[in-house]
Amino acid sequence: MHDLNFFRDHLELFEQMARHRGITLDLEGFRALDRERRELITAAERLKAERNKASEEIARRKKSGQDAAGLIAEMKRVSEEIKQYDEHIAQLDERTREFLLTVPNLPHPSVPVGQGEQDNVEVRRWGAAPKFSFTPRPHWEVGERARILDLPAAVKIAGARFALYVGAGARLERALANFFLDTHTQQHGYTEILPPFAANRASLTGTGHLPKFAADMFHLEGTDLWLTPTAEVQLNNLYRDETIDADALPIKVCAWTACFRSEAGAAGKDTRGIARQHQFQKVELFKFTRPESSYDELELLVRDAEAILQRLGLHHRVIQLCTADLGFASAKTYDLEVWLPSTNGFKEISSCSNCEAFQARRSGIRYKPKGGKSEFVHTLNGSGLAVGRTWMAVVENYQQEDGSIVMPEVLRPYMGIDRIPAPAAAKA
RNA sequence: GGAGGAGUGGCCGAGUGGUUGAAGGCGGCGGUCUUGAAAACCGUUAGGCCCGCAAGGGUCUCGGGGGUUCGAAUCCCUCCUCCUCCGCCA
């Protein structure tokens, strides 16, 4: 959310932002609403000042035994009037807030202006696509042959867009999550958090998931709880409505969680395999930083996520999103895309964003510099990485002609085996 | 799930309808003193919003929301959180 005063004073900035993001903002409506609201506040406060003065006078008169009945009667009328004003103002406040909550963040000047995905910019590539002496199979075929993935069972238990892993497949999921967490905590300096998998309205509003994206989440009926769509929500809200000690910054935390997404509007997209699920695991990276260092920290965050792909030996590239593709709360985003042989292309596996003070303002997360006034921190988040999609990438990139899957070196201690055996040897 | 108790400023802690945005203490900041420091002493020490070029003025905030009243930290309702006891349970 943007600061109301800043928004009012820089409408031209927001007009440009809307154009660059390809959205519409009713700025004229805002102007009228804002003007009316301020006029009413001024009028109401004038009456309140009058009432406060009169109340003192009443107290004085009563103390000295004088009559105050006339004044009291008059103030009764004034109070009625104030009540009318306050009710009207509350309505306008709510409308202002609702409007402001739907205004996305301003892109950083370094973000390329674009119309859509096609205008994203490739920043760098790492590694090379593996060469196969046979036609590589998609991960669901490899997984079914090796009997480590049972999608029909998941459909029976829960429905479409759920997955069920078996044996070494289940262990691979667990191995990946552990490898991610160990790397980030032991080598990259993040503190591990294991948060609730559900979050309330206030938390989801803080990150920007509510009110605008309610349809993308699973709401727990009859409660104020939603299944978390990403641990970004929980990690951001670790410090909601708190002032962080300046010396503690930057704070780096990471969390493994399940994530739940309704994927409304994604019908027909990624229907085969496990690329797009209602439930998936993810290790999330999150930073609270001082404003002046947040962009340096973003570069480091991307490197932390990339390091995982590199240690797994997976070919990937880094993409900078253009203005039109930028997420609601983000001022600048890099996506990491991993090579998937079956598609002969790249697939998103991580998204790393600097939200600047956008979330911090919504969530009330401040820090107090030495001798200065408290200010909002900057928040950054990134996947490090999506576990299910990494599972896909490992299975596809390390598949062998006989159907076995070689384990990358770094996973072997976690897996206890060098390769997931070929189908013939994989009898259940 | 049942029965009680509690939520005041950065922290502790007064305050039960009328100059209380809130005593006092601690902490923080500035100063006096000191070669320096400590101690002592003096002063200072929330934020949001509205009007205003500014200086400044006004208003709101004592867990959240609502109500009673001319006036609420103080009375009433409701919700949330924490604590104690009982029950249940992985």
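Buried residues are those with under 20% relative accessible area, exposed residues those over 50%, and partly exposed residues those in between, as computed with a 1.4 Å probe on protein chains only.

## Basis of the model

This is a predicted model, in which local features need pLDDT of at least 70 and side-chain atom pairs count only at pLDDT 80 or more, while totals for chains, interfaces and linings use all residues. Residues are numbered from 1 along each chain as its sequence is written, chains are lettered from A and ligands numbered from 1 in the order in which they are written, and side-chain values use heavy atoms, with hydrogens and water left out.

Helix α7 covers residues 168-186, and its 19 residues reach 25 Å from the first C-alpha to the last, close to the 27 Å expected at 1.5 Å a residue; the expected span is 1.5 Å times one less than the number of residues. Helices (H or I, at least four residues) are DSSP runs numbered from the N terminus. The buried residues of α7 are G169, L172, E173, A175, L176, A177, F179, F180, L181, T183 and H184. An α-helix has 3.6 residues a turn, so residues three or four places apart point the same way.

T390 belongs to helix α12 (residues 387-397). T390 is buried, its relative accessible area being 0%, and a polar atom of its side chain lies 2.6 Å from the backbone oxygen of A386.

## The surface near RNA strand B

RNA strand B is surrounded by 19 residues, of which the closest are R8, T42, E45, K76 and S79; a residue counts as near the strand if one of its heavy atoms lies within 4 Å of it. Sugar and phosphate make up 70% of the atoms of RNA strand B that come within 4 Å of the protein. Helices α1 (4-9), α3 (27-63) and α4 (69-101) each supply at least two residues of this surface, and the largest share, 13 residues, comes from α3.

Phosphate oxygens of RNA strand B lie 3.3 Å from a polar side-chain atom of N5 and 3.0 Å from an N or O atom in the side chain of K76. For K62, a side-chain N or O atom is 3.4 Å from a base oxygen of RNA strand B.

## The second largest pocket

The second largest pocket has a volume of about 390 Å³, a volume being the space filled by probe spheres set on grid points joined across faces, edges and corners. Of the 20 residues that line this pocket, N105, L106, P107, H108 and E356 are the closest to its centre. On a 1 Å grid over the protein atoms alone, with a 1.4 Å probe, a pocket is an open set of points with protein on both sides within 12 Å along at least five of seven lines, and lining residues have an atom within 4 Å of a point. The largest share of the lining, 4 residues, comes from α2.

Notes: A polar contact is a pair of N or O atoms within 3.5 Å; within protein, one must be able to donate a hydrogen and the other to accept it, and residues adjacent in sequence count only if both atoms are side-chain atoms.
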